[in-house]
Amino acid sequence: MKIYNDDRSKRNQDSRYRNYDDYEEDGIYDTRRFNIKQSNQQAYDDDGYDDYEEYEEYNDYGDDYSDYEDYDDDTRYDLFYDKRSRSGGYAYGLRSNRFYLIGIIVVLVLIFCVLGFGIYAIAQLDPNTVETYSAATSGSGAATGDASANTTTVAVEQTTAVVTTTEAVVFDYTLCFSSDISVADDARTTAYWISQDRDITKCIDSILVDHMRSADICFINNEFQYSTCGTAQSGKPYTFRGDLENVSVLQDLGVDIVSLANNHTYDYGEEALLDTLNTLQNAGIPYVGAGENLEEASAIYYYELDGFTVAFLSSTRIEWVEQTKGATEDPPGVFRTAESNDLLYEQTKEAAANADYVVVYMHWGVESVTYQEEYQTETGRELIECGADAVIGDHTHCLQGIEFYKGKPILYSMGNYWFNGKTMDTMLAELHISGTTDDFDVELQLIPAVQTNCQVIYYDTTDEQNTFYRNMESLSSAYGISIDEDGIVTES
């Protein structure tokens with residue numbers, strides 16, 4: 001059979017086969033091909049073209065194939081090939097065996113992908129949680145997996161079967177608490193810290209510092225102002241203000257959040273309080289218990305851990321005659337609740353509704369008194385009723401007892417931590433929270449120490465620790481607690 005050469009662009013100009021004689025001379029006459037030519041001839045006659053060549057040029061659409069041989073040569077011609085339509089296209093049926101094969105392969109790949117994904121999704125199902133439902137009539141099913149939420153859902157057509165399994169986050173968190181810390185300008189602790197080249201581990205035992213730094217959240221009572229401004233409040237025997245740079249002590253200790261609800265946060269007035277707020281903000285340390293107005297002072301701070309939210313709020317219940325200014329709608333101050341606990345209780349309820357664990361830090365009691373006032377007990381228990389999971393207290397500058405109310409701890413006073421040069425027992429309190437958000441355990445542990453000569457020293461001998469634990473049990477005798485050799489506190 002005669003085959004066109006590769007220079008196909010010349011074929012429309014050559015018009016090599018115009019009639020029966022040309023085909024017959026070339027030895028490739030074909031009735032069917034000649035009939036096609038006759039059809040084209042009729043088409044150009046009907047449409048008024050001047051000659052057959054003009055018709056052929058009109059129907060040259062720039063396609064690579066202008067006749068049967070080209071299609072046959074390229075293996076793309078179809079048995080259902082038809083003559084050109086007058087609109088200028090090729091009318092033919094199924095275009096090519098090659099296209100058939102490609103289409104079939106694509107469909108098969110898609111089918112195998114869908115089947116593979118379905119088998120994988122079914123394989124991920126937990127057989128202990130998937131329930132089987134019978135369909136009233138026959139139908140088909142589909143399985144889908146939602147990996148982003150660790151959730152698997154099975155939906156069966158014509159049934160109501162929807163089964164969801166969620167993998168809970170398992171955690172083990174530590175919340176660490178200390179009481180009063182001061183690096184005020186005239187404090188003995190500050191002078192000692194400066195004499196030790198501002199190395200906090202030479203002021204506070206490295207074992208205690210490690211506990212603070214390694215905790216997931218470390219919380220302290222910041223009982224002074226960061227400022228060089230303001231005037232000392234009249235009528236106060238002690239006023240405390242420290243340089244703004246002294247905030248580095250908190251950073252060195254690994255402190256994550258502080259309470260400002262105490263009777264020294266307003267010692268040098270409003271401007272010094274605003275300096276304190278700004279200094280903590282610039283250091284990246286959140287605070288509770290004071291603010292530019294009552295809304296901020298009473299605000300709840302939510303600390304987000306992986307899979308667990310802890311809420312903090314703090315207030316002060318001391319000074320029956322107000323010396324430390326309480327915040328109102330406009331002027332800054334502390335969250336003062338000496339006259340009423342209503343807002344404190346409301347905020348505790350709100351925190352409980354939005355967090356997994358709620359800590360309320362209270363500045364209360366009478367200084368240097370180891371027993372708690374009746375209002376401390378009443379307030380602490382009511383806070384638990386409102387949704388608090390732990391209540392931590394200070395202000396007395398000495399230790400007070402521990403109570404479990406409805407299984408939740410109230411530490412009435414943590415005493416001093418690193419506040420002056422006096423010698424007295426102190427401690428860190430740690431809450432170890434482990435499990436999942438729906439089912440977790442809380443363990444209270446005491447880390448015993450002594451504040452002396454502007455240092456805080458860890459009790460590292462068994463005798464020292466046992467003496468400390470027995471003293472804490474005695475302070476808590478009204479509540480019946482036990483403390484084991486590791487400092488774990490339980491209800492006896």
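One term before the residues: buried means under 20% relative accessible area, exposed means over 50%, and partly exposed is in between. Arg198, with a relative accessible area of 39%, is therefore partly exposed. Please keep in mind that this is a predicted model.

Let me stay with Arg198 for the backbone. Most residues other than glycine have a negative phi. Arg198 has a positive one, near 60°. Its place is the loop between α7 (188-195) and α8 (206-214). His395 is also not a glycine, and its phi is positive at about 115°. That residue sits in the loop between β14 and β15. His395 has 5% relative accessibility, so it counts as buried.

The loop between β14 (390-394) and β15 (402-405) also holds Leu399. Leu399 is buried because its relative accessibility is 6%.

Another buried residue is Ile181, at a relative accessible area of 1%. Strand β3, residues 171-181, contains Ile181. The C-alpha atom of Ile181 is 9.6 Å from that of Val249, and the two residues are 68 apart along the chain.

Next, the charged pairs. Side chains of opposite charge can pair when their charged atoms come close. How many salt bridges does the structure hold? The count is seven, and I will take three of them.

In one, the side chains of Lys236 and Asp267 meet at 2.6 Å, N to O. This pair links distant parts of the chain, 31 residues apart: Lys236 is in the loop between β5 (225-226) and β6 (241-242), and Asp267 is in the loop between β7 (257-259) and α10 (269-282). Buried or exposed, for Lys236 and Asp267? Both Lys236 and Asp267 are buried.

Another salt bridge joins Arg336 and Glu339, at 2.9 Å from N to O. Here Arg336 is buried, at a relative accessible area of 12%, whereas Glu339 is exposed, at 60% relative accessibility.

The last one I picked is between Lys408 and Asp389, with an N to O distance of 3.1 Å. Lys408 belongs to strand β16 (residues 408-411) and Asp389 to the loop between α13 (374-385) and β14, so this pair ties together parts that are 19 residues apart in sequence. Lys408 is partly exposed, with a relative accessible area of 27%, and Asp389 is buried, at 14% relative accessibility. There is also a network: Glu322, Arg336 and Glu339 are joined by salt bridges that share partners.

Now the surface. Which residues form a nonpolar patch there? They are Ile104, Val107, Leu108, Ile111, Phe112 and Leu115, and together they have about 580 Å² of accessible area. One of them, Phe112, lies in helix α6 (residues 97-123). Phe112 counts as exposed because its relative accessibility is 59%.

Last, the empty space. Rolling a probe the size of a water molecule over the atoms shows where such space is left. The largest pocket has a volume of about 690 Å³. Its lining has 30 residues, and those nearest the centre are Tyr238, Phe240, His264, His397 and Phe419. By type, the lining of the largest pocket divides into ten nonpolar, twelve polar and eight charged residues.

That is what I have; I will take questions now.

Definitions and conventions: Residues are numbered from 1 along each chain as its sequence is written. This is a predicted model: local features need pLDDT of at least 70, side-chain atom pairs count only at pLDDT 80 or more; totals for chains, interfaces and linings use all residues. Side-chain values use heavy atoms; hydrogens and water are left out. Patches are made of residues with over 30% relative accessible area and no salt bridge: like charges are joined within 9 Å, nonpolar side chains (Val, Leu, Ile, Met, Phe, Trp, Tyr) within 5 Å. Accessible areas come from the Shrake-Rupley method with a 1.4 Å probe; for residues, only the protein chains shown count as cover. A salt bridge is a side-chain nitrogen of Lys or Arg within 4 Å of a carboxyl oxygen of Asp or Glu. Helices (H or I, at least four residues) and strands (E, at least two) are DSSP runs, numbered from the N terminus. Buried means under 20% relative accessible area, exposed over 50%, partly exposed in between (1.4 Å probe, protein chains only). On a 1 Å grid over the protein atoms alone, a cavity is a set of points where a 1.4 Å probe fits but cannot get out, and a pocket is an open set with protein on both sides within 12 Å along at least five of seven lines; lining residues have an atom within 4 Å of a point. Grid points are joined across faces, edges and corners, and a volume is the space filled by probe spheres set on the points. Ala, Val, Leu, Ile, Met, Phe, Trp, Tyr, Cys and Pro count as nonpolar, Asp, Glu, Lys and Arg as charged, and the others, Gly among them, as polar.
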